[in-house]
Amino acid sequence: MAIRPFFAAGAWTQGRGEPLETRNPENGEVVATISSASAEDLDLAVAAARRALASPSWTNLVPHLRARLLHKMGELIDRDRDRLANIQMIDNGKTFTECRALLESAANTFRYYAAACETMEGVVPPARGAYFNIAAQVPMGVVGAITPWNSPATLEAQKLAPILAAGNAVILKPSEVTPLIALEYAGLAQEAGFPDGIVSVVTGGIELGRAMVAHPGIDMISFTGGTAGGRHIAAAAALQLKPVILELGGKSPHIVCADADLDKAAKAVATGIFSGAGQSCVAGSRIFVEKKIADAFTARLVDIAKSLRLGPPGNKDTQIGPLVSFAHRDHVHRHVTRAKAAGAELLCGGELPADERLSLGAYYPPTLLSGVTNRSDIAQQEVFGPVGVILPFESDEELVAQANDSEFGLAAGLWTRDIERAWKIVTQLQTGTCWLNSYKNLSISTPFQGHKQSGLGREKGLDGLRQYLQTKAIFWPA
Ligand code: NAD
């Protein structure tokens with residue numbers, strides 16, 4: 001199989017690093033072998049980005065011209081949506097239907113930031129002397145973006161679009177597990193007409209990510225991934241006082257009160273933990289249920305979990321595809337096995353599927369556990385698979401204390417018809433996003449951020465653009 005190049009410094013490049021293989025989790029087959037970037041290749045990408053930032057072909061691109069390029073990216077993603085959705089599906093196992101929706105969202109992300117970059121304004125503070133002054137917003141410079149494997153189509157658009165809208169150059173390193181969509185985006189950026197060096201996509205593993213963080217020619221790092229990686233990156237970046245944005249892991253509480261619309265709540269709780277096979281940073285993996293309805297609600301949830309159709313991600317009626325890789329499936333299964341050994345009761349799932357059709361892929365069934373406390377490992381550690389833990393609660397005080405008893409603070413969901421109760425609980429939850437009587441609604445115009453160990457900085461919305469800009473004060477005597 002030919003080794004696919006990556007895109008750096010305006011050219012498709014065969015790198016000097018060890019090539020990567022990406023596999024289809026539906027059957028384990030190699031989809032592509034991809035060249036990877038060495039430290040020298042990274043140097044070339046950084047040098048080209050720095051040259052491009054200083055060149056008139058980029059500096060003359062006033063916001064409406066940058067916006068035109070971003071709109072073009074949106075159009076090209078729409079044009080190629082089915083092709084890209086198929087690539088995303090074979091790379092990470094999400095269903096074709098979900099991948100198509102992710103690409104629609106990615107195209108709209110480019111459009112949102114095309115519009116937003118036209119509206120950014122500097123500030124003219126009131127004069128306090130015989131001078132005029134301006135607080136201008138200027139780009140950060142070269143931004144290194146590092147992304148995970150769970151939703152590359154959207155997560156990479158969420159990095160590229162605001163970084164470029166703000167007038168920066170970007171070097172994107174996708175996950176070594178799912179590099180294909182980023183390479184497609186590089187091709188589309190080339191077609192859209194971004195000047196050489198402004199968009200590079202380098203492929204490689206953690207070592208390449210570390211080299212980016214340490215590189216003195218990269219001015220800022222924007223990272224989405226696990227909390228452990230985020231901590232290393234923050235520590236390494238601190239040595240150079242390099243700004244970082246970190247979008248990290250979660251263990252989100254999804255709360256159902258006895259007075260909720262239980263039909264809707266049960267469907268949303270199931271979607272919250274099982275969609276995307278649970279490989280979502282905001283997966284509602286700690287399911288708090290008010291004690292007086294806990295048995296009935298759990299029975300309903302188990303019925304839904306058992307009814308979900310596991311299967312090839314390209315089939316129209318499949319609801320849950322394989323996990324991203326066999327290694328990740330084994331990691332998820334180890335969590336479940338350890339939880340059982342520690343006394344958890346398995347309510348459904350928890351075994352590799354017996355169905356012969358599924359034996360070739362990295363499939364894992366929707367799994368629910370109970371009989372453990374919120375302090376147990378299975379309720380504290382991010383599994384990142386279709387595994388939910390049921391945690392009954394009696395009082396709202398006890399609920400809030402337990403929901404907040406987690407190192408993470410990414411998201412939470414709450415189901416109740418009682419407005420006062422909802423307000424009281426939601427305002428006490430230590431999470432960056434709270435959904436009321438809904439779950440997993442996301443909007444490109446609404447900032448998204450993790451509290452506590454779930455992140456630093458924010459993405460989406462105008463905040464997501466501002467963080468790629470820095471303020472520069474200019475004084476001019478009268
Ligand atoms: P990961 O942290 O293992 O890897 C993410 C990326 O970072 C990869 O490209 C990897 O090569 C690179 N990397 C890892 N360690 C690094 C280091 N020390 N220095 C530089 N680069 C490094 O994460 P993953 O397993 O790919 O993704 C799953 C994680 O991502 C989960 O924890 C999930 O919650 C999180 N996530 C968070 C969000 C969010 O918005 N908060 C969104 C999606 C996924």
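I start with the term: a cavity is a set of grid points where a 1.4 Å probe fits but cannot get out. A volume is the space filled by probe spheres set on those points. The model I am reading is predicted.

Entry 1, cavities. I looked up the count of cavities of 30 Å³ or more, and the answer is three. The largest cavity holds about 80 Å³ of space.

I then asked which residues line the largest cavity. Among them are Gly250, Lys251, Gly278, Ser280, Cys281 and Ala283. The lining also includes Ser285, Glu382, Val383, Phe384, Gly385 and Val387. I sorted the lining by type: five residues are nonpolar, five are polar and two are charged.

I noted the division of the protein: domain 1 covers 3-248 + 454-477, and domain 2 covers 253-443. Their contact takes 21 residues from domain 1 and 28 residues from domain 2. Taken over C-alpha atoms, the centres of domain 1 and domain 2 are 31 Å apart.

I looked up the area that domain 1 and domain 2 bury between them, and found about 1800 Å². Carbon and sulfur atoms carry 57% of that area.

I counted one salt bridge between domain 1 and domain 2. I also recorded arginine 231 in a salt bridge with glutamate 407, where the closest N and O atoms are 2.9 Å apart. Seven residue pairs are in polar contact across the interface of domain 1 and domain 2.

Note on methods: Residues numbered from 1 in each chain as written. Predicted model: local features only at pLDDT ≥ 70, side-chain atom pairs only at ≥ 80, totals over all residues. Heavy atoms only, no water. 1 Å grid on protein atoms, 1.4 Å probe; cavity = no way out; pocket = protein on both sides within 12 Å on 5 of 7 lines; lining within 4 Å. Nonpolar A, V, L, I, M, F, W, Y, C, P; charged D, E, K, R; others polar. Domains from an automatic or database assignment. Contact = heavy atoms within 4.5 Å. Buried area = accessible area lost by both parts, 1.4 Å probe. Salt bridge = Lys/Arg side-chain N within 4 Å of Asp/Glu carboxyl O. Polar contact = N/O pair within 3.5 Å; in protein donor to acceptor, adjacent residues only side chain to side chain.
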